[in-house]
Amino acid sequence: MSIHKPELPKAPQQVTNASGHKLLLRNLRIEDYDDMLEIMQLVYSNIGDGIWPKSDIETLLNIFPEGQICIEDNGKVVACALSIVIDYNKFGDNHTYAQITGNYKFTTHDLKNGNVLYGIDIFVHPKFQGLRLGRRLYDARKELCEHLNLKAIVAGGRIPGYAQYADKLTPREYIELVKNKEISDPILSFQLSNDFHVKKVLTNYLPGDKESKAYATLLEWNNIYYTEKPSPIIGGPKEFVRLGVVQWQMRNVPSLQALLENVEFFIDAVSAYKADFVLFPEFFNAPLMGLFNEDTAAKAIRKLASYTEELRNKFVEYAVAYNTNIIAGSMPLYTDGELYNVSYLCRRDGTWDVQYKLHITPDEKNHWGVQGGNKLHVFETDVCKIGILICYDVEFPELSRILADQGMQILFVPFLTDTQNGYHRVSKCAQARAIENECYVAIAGNVGNLPRVKNMDLNYAQSAVFSPSDFAFPNNAIVAQATPNAEMTIIADVDLSLLKELHTAGSVRNLKDRRRDLYEVRWLKKQTGSNGTA
């Protein structure tokens, strides 16, 4: 027997998946209140006054709709996060939930002058608590915090697992055990896994919270992109920085003017690509020593030093004319009867600074009598904070760590090596500095031969730009690399915003995870003398 079924009109097709879920993250609407009420009745049954009345939700949606977020599954709201913006300076760390919410009327919300996104509630339907919906809500809050340029997200977090341990542990002891994963707390463990840190323990935060014994943790997530003042439309800090690295061919020249023609050629070429920095190698001006070939090596380099001031002034002139910051390799500086190896930072605004080489190789001491400087600098530029370590200095990890602690984002290393093993000492140490200090490192060396210049006859280099090693960076942690022993330039872009993310959310966090309770790296020598200021 057959039954005739009437043909139903075709409904619009809907995208589904094997799990049966169809999740959508969106802003909350007042029409969602019945779904919210159902969730609150399930999750807040043990807390007095834990359910938000509809009028309060209406108030939140009127004053700050962007801060009220939900996740729906097949059209039904199954998770919610509520927040306001407050001027945290008015409250500080010692506050109650009632105070921070203006007695639950949200009169404390201040989008114009506020500096912190305060999480006032987050809840997930018990049937959906295995889907990590809370993590999605926290990620949305973080995105909102960044978009509004707020300092942080702050929230008072319940510790519902504490009731089981209250007779044995203080709240502080309980929190430490949760942080060390000896104990799992359904709320605190989740918040810690989302990069929040505990600022302090709050007492009598929610008086009706029997599970937490009215204690709570004051939690904070810091917005690494927060800026005190909006960046200027023109001339502000950049996220993407373009580096130009010159792999310099050593060739005999008849005069200073001939050397400057080669220098300007490369600056002109690299600046045409709108490079923010141009890096030259260590002792790139050594070909001028060929003019004093009859002298000893020690006398020749002191005569070479007589050109240094003029060269520095020309580099400053080029930096302004070609609108690029120049790290002018390194040059000998003879002052007060002492010979130094120095690198000049010539900024495109017409100012300049100097970094002395601190560690002097045995060869520099024996042949030339070079002395080491005694100061280390982080330099401000219109783009970012930079450091300069000349050749051998990069092989001492303490120096770059001190620079990193002062906010260095790019380290420039002019170098000169005559053999492959000398080059590999520099390059491999430079790569290590990029990884351990979570910064970019650019190295520039000389290639070719100078047959008539004592102690400078052979050169080997493969210039490069190195990065940290994590998912956001090249797999081999090399942004760009020159052809070995060939005159050429590298043009490479580096993303400074990736460094901020690496500092706080990298696979490993070399700077953040240091055991400061066991060791420290600090500068000992008093910063005096003619080598500048740190």
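Me: Where is Asn 74 found, and why is Asn 74 called partly exposed?
Reply: Asn 74 is found in the loop between β2 (69-73) and β3 (76-86). Strands are DSSP runs of E, at least two residues, and helices are runs of H or I, at least four, numbered from the N terminus. The relative accessibility of Asn 74 is 45%. Buried means under 20% relative accessible area, exposed over 50%, partly exposed in between (1.4 Å probe, protein chains only). Therefore Asn 74 counts as partly exposed. This is a predicted model: local features need pLDDT of at least 70, side-chain atom pairs count only at pLDDT 80 or more, and totals for chains, interfaces and linings use all residues. Residues are numbered from 1 along each chain as its sequence is written, and side-chain values use heavy atoms, without hydrogens and water.

Me: What makes Asp 336 exposed?
Reply: Its relative accessibility is 75%, so Asp 336 counts as exposed. Asp 336 is found in the loop between β11 and β12. Its phi is positive, about 50 degrees, although Asp 336 is not a glycine.

Me: What makes a set of residues a nonpolar core?
Reply: The members are buried Ala, Val, Leu, Ile, Met, Phe, Trp, Tyr and Cys residues, joined through side-chain atoms within 4.5 Å. The largest such core here has 50 residues. Trp 248, Phe 280 and Phe 315 are among those with the most contacts inside it. α7 gives the most to this core, with eight residues. Apart from it lies another core, of 29 residues, including Tyr 44 and Trp 52.

Me: Which residues is Phe 315 in contact with, beyond four places in sequence?
Reply: Contact means heavy atoms within 4.5 Å. Phe 315 has such contacts with Val 263, Ile 267, Phe 280, Phe 284, Ile 326, Ala 328, Met 331 and Cys 346.
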